[in-house]
Amino acid sequence: MSKRIVIVEDFNTSRQVIKKTLESMGYIVNDAPDGRDALKFFDGTEIDLLITDYNMPNMNGAELVEYLRASEQYKYIPIVMLSTENNKEKQQRAKDAKITVWVKKPFDFVEFKNLIKRILP
């Protein structure tokens, strides 16, 4: 059974490139432009990984992570936070919410694919 990933990224081009990369690796991928829109995928459906940007409208990445960590079903889901964010307070908020890993954008796609393979063996 293929692993299911949700990508949350407000920049459409980035979201589509990441989605196509992960689909080419055999994953089932759902995507959303912000955290609020992404909530529709967390309806009890098994999700194996969340990849989210930090800075987004409506519900940012940290708010999304905090929401999911409060949920019994999704509290242990691996979460990759992608961001250009350099603000240490925002980075700490994401870490306090228990993200799995922080990936600085722009990133190397070979390294990114290897990271995903380590998280979802």
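Asn 58 is found in the loop that lies between strand β3 and helix α3 (61-69). The model in which this residue is described is a predicted one. Although Asn 58 is not a glycine, its phi is positive, at about 70°.

Lys 98, which is not a glycine either, has a positive phi of about 75°. The place of Lys 98 is in the loop between α4 and β5. The relative accessible area of Lys 98 is 57%, so this residue is exposed, the cut-off for that class being over 50%.

The chain as a whole is described next. Five helices and five strands make up the secondary structure of the protein chain. Along the sequence these elements follow the pattern β-α-β-α-β-α-β-α-β-α. The radius of gyration of the protein chain is 13 Å, close to the 14 Å given by the globule rule for 121 residues, so the chain is as compact as a globular protein of that length. Taken along the principal axes, the box filled by the C-alpha atoms is roughly 35 × 30 × 25 Å. Among contacts with a separation of 6 or more, 63% are between residues 24 or more positions apart.

Burial and surface were also computed. Of the 121 residues of the protein chain, 49% count as buried. The chain exposes about 6400 Å², and carbon and sulfur atoms supply 49% of this area. The side chains include 19 positive and 18 negative ones, and the centres of the two sets lie 3 Å apart.

Strand β3 covers residues 49-53 and is mostly covered, with five of its five residues buried. Leu 49, Ile 51 and Asp 53 point one way from β3, whereas Leu 50 and Thr 52 point the other way; residues on both sides are buried. Strand β3 is joined to strand β1 (residues 4-8) by four bridges, and these two strands run parallel. In this pairing, Ile 7 stands opposite Ile 51 of β3. Four bridges also join β3 to strand β4 (residues 79-83), again in a parallel arrangement. Here Thr 52 stands opposite Met 81 in β4.

Gln 91 lies in helix α4 (residues 88-96). Its relative accessibility is 10%, so Gln 91 counts as buried, the limit for that class being under 20%. When neighbours within four places in sequence are left aside, Gln 91 is in contact with Glu 85, Asn 86 and Trp 102. Val 110, by contrast, is found in helix α5 (residues 109-119). At 56% relative accessibility, Val 110 counts as exposed. The C-alpha atoms of Val 110 and Met 59 are separated by 29 Å, and the two residues are 51 residues apart along the chain.

One further backbone feature concerns a proline. The peptide bond from Lys 105 to Pro 106 is cis, and its omega is near -5°. Pro 106 is found in the loop between β5 (101-104) and α5.

Methods: Residues numbered from 1 in each chain as written. Predicted model: local features only at pLDDT ≥ 70, side-chain atom pairs only at ≥ 80, totals over all residues. Heavy atoms only, no water. Rg over C-alpha atoms; globule rule 2.2 N^0.38 Å. Buried < 20%, exposed > 50% of the residue type's maximum accessible area, 1.4 Å probe, protein only. Contact = heavy atoms within 4.5 Å. Areas by Shrake-Rupley, 256 points an atom, 1.4 Å probe, with all protein chains shown as cover. Lys, Arg positive; Asp, Glu negative; His and termini not counted. Charge placed at Lys NZ, Arg CZ, Asp CG, Glu CD. Pairing = 2+ DSSP bridges.
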